[in-house]
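Please look over the sequence and the model below before reading on. The paragraphs that follow lead from individual helices to the chain as a whole.

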Amino acid sequence: MYINLASHYIPSNIVPNSYFLDKNGMDDETIIRKSGIKNRRKASSNENVNTMAISAIEEGISKLPYNISEVDLIIGATYSPYDTVGTLAHVVQQKYGINKAIVFSVSSACSSFINAIEIVEGYFAMGKAKKALVVTSEHNWAYLNESDPISAHLWGDGASAVFLSNERVTEKDHEVLGVNTEGHATIGRGPNGVCLKPFDGGISMPDGRDVFYNAIKYMSEKTEAILKKGGCSLSQLNYLIPHQANMRIINKVAETLSFPIEKVVINMIEFGNTGSASSSIGYSQIFHSMQKNELAVVTVFGGGYSSGAMLIRA
């Protein structure tokens with residue numbers, strides 16, 4: 001399985017930490033100490049999950065080495081949908097007139113990107129698709145409770161698009177050497193660790209400590225496991241792309257793995273936690289700069305709980 005292109009979209013509206021002082025009493029110093037976030041992005045009033053997904057595709061489509069109409073599998077990944085019936089994947093199909101494609105959306109909180117990639121792997125293996133598009137998009141601000149001092153300051157909006165094929169298309173393609181996912185609803189707070197209840201408080205994180213501990217544990221373990229499966233070592237790894245939940249979590253994962261923080265892709269300081277899109281945005285940020293045979297691991301942990309990792313070679 002090969003990745004032909006990765007692109008992303010970040011809204012232009014910047015929300016600084018100072019915004020929350022009169023909303024919930026959180027000041028700049030406290031937010032940075034607790035999360036590492038300085039700014040986050042917020043979609044404009046005429047944007048939503050679907051429009052951001054389209055914008056992410058538009059950012060890279062000129063570099064796609066084939067016509068988008070050749071895509072025969074479209075998977076959307078989001079936990080913050082604009083429409084739960086006409087999903088972002090269907091909107092993409094309509095926008096680009098992609099006839100006869102398999103189209104659906106999935107949600108496994110912030111690990112949804114890797115779940116979608118693993119589903120693509122399955123469709124390719126069964127011979128039911130040859131070219132796929134995974135679009136991840138989150139509109140956290142649509143569900144944000146600004147008065148929540150625990151997690152309101154964490155969230156940001158953004159989207160990413162990743163095109164894949166079952167065979168190599170160009171020499172610039174990245175090869176997926178392995179992908180794995182796992183559900184963890186039976187541990188810790190499970191489905192109660194992170195919540196998005198549209199009519200009952202919006203998006204929230206009732207127990208940050210539980211999320212903190214398990215995110216470190218499973219993002220570290222999944223990284224080691226996917227490297228082992230691919231016959232690679234940590235010393236060979238050029239990039240680690242973790243889910244962008246919290247800088248303290250990212251630092252602790254790097255410390256647990258004894259991996260240089262300088263090789264960790266970090267975007268949450270300026271973008272905030274963009275949910276399932278965060279790791280795919282991170283991958284998109286380095287897609288064109290990865291050199292031949294360099295290795296990257298995308299590792300994720302999501303509310304629910306769930307985890308996963310993907311090993312990529314340029």
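The buried residues of helix α2 pack against β3 (39-42), α7 (247-257) and α8 (268-271). Here helices (H or I, at least four residues) and strands (E, at least two) are DSSP runs, numbered from the N terminus. Buried means under 20% relative accessible area, exposed over 50%, and partly exposed in between, with a 1.4 Å probe and protein chains only. The model is a predicted one, in which local features need pLDDT of at least 70, side-chain atom pairs count only at pLDDT 80 or more, and totals for chains, interfaces and linings use all residues. Residues are numbered from 1 along each chain as its sequence is written, and side-chain values use heavy atoms, with hydrogens and water left out.

Helix α2 spans residues 28-35, and its buried residues are Thr-30, Ile-31 and Ser-35. They lie on the same side of α2, because the arc they cover around the axis is only 95°; the arc is that of the directions from the helix axis to the C-beta atoms. On the other side of α2, Glu-29 and Arg-33 are exposed. Gly-36 follows α2 and has a positive phi, near 90°.

Just after α4 comes Gly-97, with a positive phi of about 60°.

Phi of Lys-100 is near 65°, a positive value in a residue other than glycine. Most residues other than glycine have a negative phi, and most peptide bonds are trans. Lys-100 counts as exposed because its relative accessibility is 85%.

Ser-258, in the loop between α7 and α8, is another residue other than glycine with a positive phi, in this case near 55°. With a relative accessible area of 67%, Ser-258 is exposed.

The peptide bond between Gly-304 and Tyr-305 is cis, with omega at about -10°. Tyr-305 is found in the loop between β12 (295-302) and β13 (306-313).

Leaving aside neighbours within four places in sequence, Ile-250 is in contact with Pro-242, His-243, Gln-244, Ile-261, Val-264, Ile-266 and Met-268. Contact means heavy atoms within 4.5 Å. The C-alpha atoms of Ile-250 and Ala-215 are separated by 9.1 Å, although the two residues are 35 residues apart along the chain.

Met-219 lies in helix α6 (residues 208-229). At 1% relative accessibility, Met-219 counts as buried. When neighbours within four places in sequence are left aside, the contacts of Met-219 are Pro-242, His-243, Ile-249, Val-253, Thr-299, Val-300 and Phe-301. Between the C-alpha atoms of Met-219 and Val-298, which are 79 residues apart along the chain, the separation is 9.2 Å.

These details belong to a protein chain whose secondary structure comes to nine helices and 13 strands. Of its 314 residues, 58% count as buried. Among contacts in the protein chain with a separation of 6 or more, 76% come from residues 24 or more positions apart.

The radius of gyration of the protein chain is 18 Å, which agrees with the value near 20 Å that a compact globule of 314 residues would have. The radius is taken over C-alpha atoms, and the globule rule is 2.2 Å times the number of residues to the power 0.38. Along the principal axes, the C-alpha atoms fill a box of roughly 50 × 45 × 35 Å.

The protein chain exposes about 12900 Å², and carbon and sulfur atoms supply 48% of this area. Accessible areas come from the Shrake-Rupley method with a 1.4 Å probe; for residues, only the protein chains shown count as cover.
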